[in-house]
Amino acid sequence: LYPNPNNGNFSLTNNNARFSSYTIYDLSGRAIRSDALINDQIQVNLTKGVYLLNLKGDTTTTIKFAVE
C-alpha cells in the first residue's frame with residue numbers, strides 16, 4: 001500500500017496475490033467501507049486517523065495505514 005500515510009487515495013502492489021475485494025475498518029473494529037477491488041486502486045474519503053485494510057481473494061491479508 002502506498003503512500004502510507006496518505007490522504008485517502010492510495011494504490012496497492014499485489015506481489016502475485018490476487019485480491020478481489022476489500023474492507024476498511026477503524027481501530028474500534030467498525031467496518032467503514034467494503035467494495036470490489038478494481039485495478040488495485042482504492043479511493044475513499046476518510047477522516048484523519050489509523051485504519052485497517054483487509055484484502056480478500058486468493059489469500060487474505062490485513063494492512064494498517066494512516067490518513068493525514
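**Exercise 1. Find the bridge partner of Phe19 in E5.**

Solution. In E5, Phe19 has Gly57 as its bridge partner. This comes from a predicted model. Now place the pair. Strand E2 covers residues 19-26, and strand E5 covers residues 49-57. The two strands pair in the antiparallel sense over seven bridges. Another position to look up is Tyr25, which stands opposite Leu52 in E5.

**Exercise 2. Work out the strand order of the open sheet and name its edge strands.**

Solution. Step one: count the strands. Four strands form the open sheet. Step two: write the order, which is E3-E2-E5-E6, with antiparallel pairing. Step three: look for strands that pair on one side only. These are strand E3 (31-36) and strand E6 (60-67), the edge strands.

**Exercise 3. Describe how E5 and E6 are joined.**

Solution. E5 and E6 form a hairpin, with two residues between them. Next, the pairing. The strands run antiparallel, and eight bridges join them. Finally, pick out a position: Leu55 stands opposite Thr61 in E6.

**Exercise 4. Classify the aromatic pair formed by Tyr51 and Phe65.**

Solution. A pair of aromatic rings is described by two things: the distance of the centres and the angle of the planes. First, the distance. The centres of Tyr51 and Phe65 are 5.7 Å apart. Rings pair if their centres lie within 6.5 Å, so the distance test is passed. Second, the angle. The planes of Tyr51 and Phe65 are 25° apart. Planes under 30 degrees apart count as stacked. The pair is therefore stacked. The count comes to one aromatic pair.

Now locate the rings. Tyr51 lies in strand E5 and Phe65 in strand E6, so the pair ties together parts that are 14 residues apart in sequence.

**Exercise 5. Decide whether Tyr51 and Phe65 are buried or exposed, then look around Phe65.**

Solution. Buried means under 20% relative accessible area. Tyr51 has 7%, so Tyr51 is buried. Phe65 has 2%, so Phe65 is buried too.

Next, the core. The largest nonpolar core has 14 residues. Tyr22, Ile24, Ile42, Leu53 and Phe65 touch the most other members. E2, E5 and E6 are the elements that give two or more residues to this core.

Last, the contacts. Leave aside neighbours of Phe65 within four places in sequence. Phe65 is then in contact with several residues, including Leu1, Phe10, Ile24, Leu46, Tyr51 and Leu53.

How values were computed:
Residues are numbered from 1 along each chain as its sequence is written. This is a predicted model: local features need pLDDT of at least 70, side-chain atom pairs count only at pLDDT 80 or more; totals for chains, interfaces and linings use all residues. Side-chain values use heavy atoms; hydrogens and water are left out. Two strands pair if DSSP finds at least two bridges between them. Rings of Phe, Tyr and Trp (its six-membered ring) pair if their centres lie within 6.5 Å; planes under 30 degrees apart count as stacked, over 60 as edge-to-face and the rest as tilted. Buried means under 20% relative accessible area, exposed over 50%, partly exposed in between (1.4 Å probe, protein chains only). A nonpolar core is a set of buried Ala, Val, Leu, Ile, Met, Phe, Trp, Tyr and Cys residues joined through side-chain atoms within 4.5 Å. Contact means heavy atoms within 4.5 Å.
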